[in-house]
Amino acid sequence: MANEEQRTPGEDPNADEVPAQEPESQDSGSSPQPDLTVEDILGAEQSDAAADADAPAEDADNPYLDDLRRLTAEYANYRKRTEANAAIEKQRAIAAAVSPMLTVLDDLDRAEKHGDLAEGTPFATIAQKIRGTFERIGVQSFGEAGEAFDPQIHEAIAQVPVPGTEQHTVLDVIERGYRIGEVELRPAKVAVAVGADG
């Protein structure tokens with residue numbers, strides 16, 4: 001009652017109430033829509049008008065399409081070449097920095113052959129760390145005794161006649177060869193076993 005007394009004359013007492021929404025009438029003549037699922041929508045047949053709209057334009061309608069395809073192919077090839085060249089330049093830069101230090105690896109190999117790198121000694125631990133660092137940089141060694149001689153990666157320092165040898169094989173490795181990826185730092189210096197005459 002107190003609220004009714006405070007209202008001004010002529011004010012609608014139900015003005016604060018929101019009128020309830022009535023359901024839309026079906027007077028417009030549209031039939032109620034059935035509940036559609038995703039499968040219904042995806043499985044529906046496409047109309048001819050929609051299929052024509054989705055069809056790709058004819059090449060004759062777009063004279064710049066061939067130019068666009070050519071430029072796209074040229075750009076893709078350029079990008080591949082640039083990435084390959086950048087990778088090789090990186091390998092060459094690392095090779096230039098690492099090459100003077102290969103003599104340290106040679107000294108470690110000689111020390112190991114002479115038994116100076118006994119397991120558990122401080123010098124063996126240092127040698128292991130140095131070799132691990134070179135491997136992390138990407139330096140790979142090649143050249144093992146018993147493999148077939150390949151003049152592309154081996155440098156023959158000596159030829160040793162060995163009876164019964166049919167093909168040239170690496171008899172001994174004087175200095176290992178090293179590479180970083182596709183960049184060869186140096187060939188392996190080897191003694192080659194060749195067939196003995198007679």
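Predicted model: local features only at pLDDT ≥ 70, side-chain atom pairs only at ≥ 80, totals over all residues.
Leu 102, Leu 105, Asp 106, Leu 108, Asp 109 and Ala 111 are the buried residues of helix α5.

**Helix α5 and its surroundings**

- Helix α5 runs over residues 102-113, and its twelve residues reach 17 Å from the first C-alpha to the last, which is close to the 16 Å expected at 1.5 Å a residue.
- The cover over the buried residues of α5 includes the helices α4 (65-98) and α6 (122-137), together with the strands β3 (169-175), β4 (177-180) and β5 (183-186).
- Just after α5, Gly 115 adopts a positive phi of about 80°.

**The largest pocket**

- The largest pocket has a volume of about 250 Å³, and of the 13 residues that line it, Asp 109, Lys 113, Val 173, Ile 174 and Arg 176 lie nearest its centre.
- Both α5 and β3 supply at least two residues of this lining, with α5 giving the largest share, five residues.
- By residue class, the lining of the largest pocket comprises nine charged, three nonpolar and one polar residue.

**Glu 175 in strand β3**

- Glu 175 is placed in strand β3 and counts as buried because its relative accessibility of 15% falls under the 20% cut-off.
- The side chain of Glu 175 makes a polar contact, at 3.5 Å, with the side chain of Arg 110.
- Leaving aside residues up to four places away in sequence, Glu 175 touches Asp 106, Arg 110, Arg 186, Ala 188 and Lys 189, and of these Asp 106 is itself one of the buried residues of α5.

Technical notes
Residues numbered from 1 in each chain as written. Heavy atoms only, no water. Helix = DSSP H or I, 4+ residues; strand = E, 2+ residues; numbered from the N terminus. Expected span 1.5 Å × (residues − 1). Buried < 20%, exposed > 50% of the residue type's maximum accessible area, 1.4 Å probe, protein only. Contact = heavy atoms within 4.5 Å. 1 Å grid on protein atoms, 1.4 Å probe; cavity = no way out; pocket = protein on both sides within 12 Å on 5 of 7 lines; lining within 4 Å. Points joined across faces, edges and corners; volume = space filled by probe spheres on them. Nonpolar A, V, L, I, M, F, W, Y, C, P; charged D, E, K, R; others polar. Polar contact = N/O pair within 3.5 Å; in protein donor to acceptor, adjacent residues only side chain to side chain.
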